[in-house]
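Colleague: Before I use the labels in your description, I would like to hear how each was reached. Please show the structure, and then I will ask.

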Amino acid sequence: MGRAPATSSSSSRSSSSGLKKGPWTAEEDLKLREYIEQHGAGNWRTLPENAGLQRCGKSCRLRWTNYLRPDIKRGRFSFEEEEAIIQLHSVLGNKWSAIAARLPGRTDNEIKNYWNTHIRKRLLRMGLDPVTHAPRLDHLLGSTSQLSNLSNLLC
């Protein structure tokens, strides 16, 4: 079945317990960072209460994984990283965590966002299909009318 979400009424942490939503504060980041440095990540469901945070475990896990981990690489992607993402995507598809495992310091979320906002659009401009990485027929022919004429000839 699965676990009840931390905010469900059947949970010991109901919505009336005041779980905080929205942007994280510097104070919350500090509490989370210090707790994990001292005790390790451990159980994400119990961590918020033990660390003195009014957040759910999932929020703490995502904050740590995507923003606070000390080994996260920040800033622009290098040409080599972009090429590696394109190559790995051609083999693995949209398995962002598998791609991230081969790019030290980059998170799966960051790679996915970079793919969708930069690389995918660049491949389209180059006339390549971002899914198959093969040349796009509609791009080669120039228009959809020419493509329909070609499909009529082939039938």
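Predicted model: local features only at pLDDT ≥ 70, side-chain atom pairs only at ≥ 80, totals over all residues.

Colleague: Why are α1 and α3 called roughly perpendicular?

Modeller: Helix α1 (residues 26–39) and helix α3 (residues 57–68) pack at an angle of about 90°. Angles of 65 to 115 degrees count as roughly perpendicular, and the pair is therefore given that label. Their axes are 11 Å apart.

Colleague: Which residues make that contact, and what is its make-up by class?

Modeller: From α1 come Asp29, Leu32, Arg33 and Ile36, and from α3 come Cys60, Arg63, Trp64 and Leu68. By class this contact has five nonpolar, no polar and three charged residues.

Colleague: Why is tryptophan 64 called buried?

Modeller: Tryptophan 64 has a relative accessible area of 13%. Buried means under 20%, so tryptophan 64 is buried. This residue lies in helix α3. Beyond four places in sequence, Trp64 touches Leu32, Arg33, Ile36, Trp44, Arg69, Pro70 and Ile72. Tryptophan 64 and alanine 41 are 23 residues apart in sequence and 9.0 Å apart in space, C-alpha to C-alpha.

Colleague: Why is arginine 61 called partly exposed?

Modeller: The relative accessible area of arginine 61 is 34%. Buried stops under 20% and exposed begins over 50%, with partly exposed in between, so arginine 61 is partly exposed. Arginine 61 also lies in helix α3.

Colleague: How do you know that the length of α4 is close to the expected one?

Modeller: Helix α4 (residues 79–92) has 14 residues, and the expected span at 1.5 Å a residue is 20 Å. From its first C-alpha to its last, α4 reaches 20 Å, which is close to that expectation. Just after α4, glycine 93 takes a positive phi of about 75°.

Colleague: Which residues of α4 are buried, and what do they pack against?

Modeller: Glu81, Glu82, Ile85, Ile86, Leu88 and His89 are buried in α4. The buried residues of this helix pack against α5 (96–100) and α6 (108–125).

Colleague: What makes histidine 89 a buried residue?

Modeller: Histidine 89 has a relative accessible area of 4%. The cut-off is under 20%, and histidine 89 therefore counts as buried. Leaving out residues up to four places away in sequence, His89 touches Asn94, Trp96, Ile99, Trp115, Pro130, Val131 and His133.

Colleague: Why do α4 and α6 get the label roughly perpendicular?

Modeller: α4 and α6 pack at an angle of about 90°, with their axes 11 Å apart. The label covers 65 to 115 degrees, so α4 and α6 are roughly perpendicular to each other. Glu82, Glu83, Ile85, Ile86 and His89 in α4 meet Ile111, Tyr114, Trp115, Ile119, Arg122 and Leu123 in α6. By class, this contact has seven nonpolar, one polar and three charged residues.

Colleague: Which residues touch the most other members of the largest nonpolar core, and which elements give two or more residues to this core?

Modeller: The core has 13 residues, and Ile85, Ile99, Ile111, Trp115 and Ile119 touch the most other members. The elements giving two or more residues to this core are α4, α5 and α6. The most comes from α6, with five residues. Isoleucine 111 touches Phe77, Ile85, Trp96, Ile99, Ala100, Leu103 and Arg106, not counting residues up to four places away in sequence. Apart from this core lies another, of eleven residues, among them Leu32, Leu47, Ala51 and Cys60.

Colleague: What makes the phi of histidine 133 worth a remark?

Modeller: Most residues other than glycine have a negative phi. Histidine 133 is a residue other than glycine, and its phi is near 65°, a positive value. Histidine 133 is placed in the loop between α6 and α7 (137–141).

Notes. Residues numbered from 1 in each chain as written. Heavy atoms only, no water. Axes fitted to C-alpha atoms, helices over the stretch in contact; angles between N-to-C directions. Helix = DSSP H or I, 4+ residues; strand = E, 2+ residues; numbered from the N terminus. Parallel < 35°, antiparallel > 145°, perpendicular 65-115°, else oblique. Contact = heavy atoms within 4.5 Å. Nonpolar A, V, L, I, M, F, W, Y, C, P; charged D, E, K, R; others polar. Expected span 1.5 Å × (residues − 1). Buried < 20%, exposed > 50% of the residue type's maximum accessible area, 1.4 Å probe, protein only. Core = buried A, V, L, I, M, F, W, Y, C linked by side-chain atoms within 4.5 Å.
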